[in-house]
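Have the structure open as you read.

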Amino acid sequence: MQLSKAGIHTALIFGGYVHRLQGDGMFLYFGDENTEQKKAVELALQMVSVYTHFVKNDLKEYLLSQGIENIGVRTGIDLGKKEDVLWGNSGIGEISEVTTCSLHTSLASKMQSSALRNGVVVGQYVKDEVLSNDFFSPVCQRSDKTESDRYIYRIDDRNFYYTQYDFNWEKYLKQQSFVANDIYGNPIIKLPSSVNSIAALRPIAEINKPYFNEGKNDTRKGYR
């Protein structure tokens, strides 16, 4: 439940749409017809970087104090281009669900299963939208993977080979404009105070280093 709360609020902060909750898992969309493709990818990567940082560090500290160990998250992200995605609305009236039918919708969850604990795996189209290649390495380069793991999907007779990449979210996070580093090189997330929904993260964990500490002046523990 704590993971879901943190994930929902972080997704909302970065403009994500929480499409579905499955146990402690989430299915999110980023972007709409008014959002450029590159911007949607940026928001998705920022969200998952902040969320994974929170789970790996701050929420972990709180859960360990409650005797809960081995907590982590895994994430898969893919980009479905407009011509490759079919949107639909199934159901009747208010009892309905907006969803997508696309190869890349399915590949996102498949790439999640390829991720390490507190790791993120993204598809080729996501990587193509980021200017730097410094944040990505093919999944097959892991010591426990083989070259056959390079492609998450392939169609040989169409010469279609879709690569999956490990995303270095920690390196990416430190280069974001809303992140500063403390004297030890640890990231401090300073999202704008105008984002009201950030306050909802405060009660999730007793130690909220990356998040808003209302009424506190110690900037080492958050931002104002």
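β1 and β2 run antiparallel and are joined by five bridges; two strands count as paired if DSSP finds at least two bridges between them. Helices (H or I, at least four residues) and strands (E, at least two) are DSSP runs, numbered from the N terminus. R20 has F27 in β2 as its bridge partner. Two residues separate the strands of this hairpin, and G23 in the turn has a positive phi of about 65°.

## How to read the model

This is a predicted model, where local features need pLDDT of at least 70 and side-chain atom pairs count only at pLDDT 80 or more, while totals for chains, interfaces and linings use all residues. Residues are numbered from 1 along each chain as its sequence is written, and side-chain values use heavy atoms, leaving out hydrogens and water.

## The largest nonpolar core

Now for the core: a set of buried Ala, Val, Leu, Ile, Met, Phe, Trp, Tyr and Cys residues joined through side-chain atoms within 4.5 Å, buried meaning under 20% relative accessible area (1.4 Å probe, protein chains only). The largest one has 45 residues, of which F14, L45, M47, I77, V122 and F167 touch the most other members. With 13 residues, α2 gives the most to this core.

M47 touches G7, T10, A11, F14, L28 and F30, leaving aside residues up to four places away in sequence; contact here means heavy atoms within 4.5 Å.

Key. Buried < 20%, exposed > 50% of the residue type's maximum accessible area, 1.4 Å probe, protein only.
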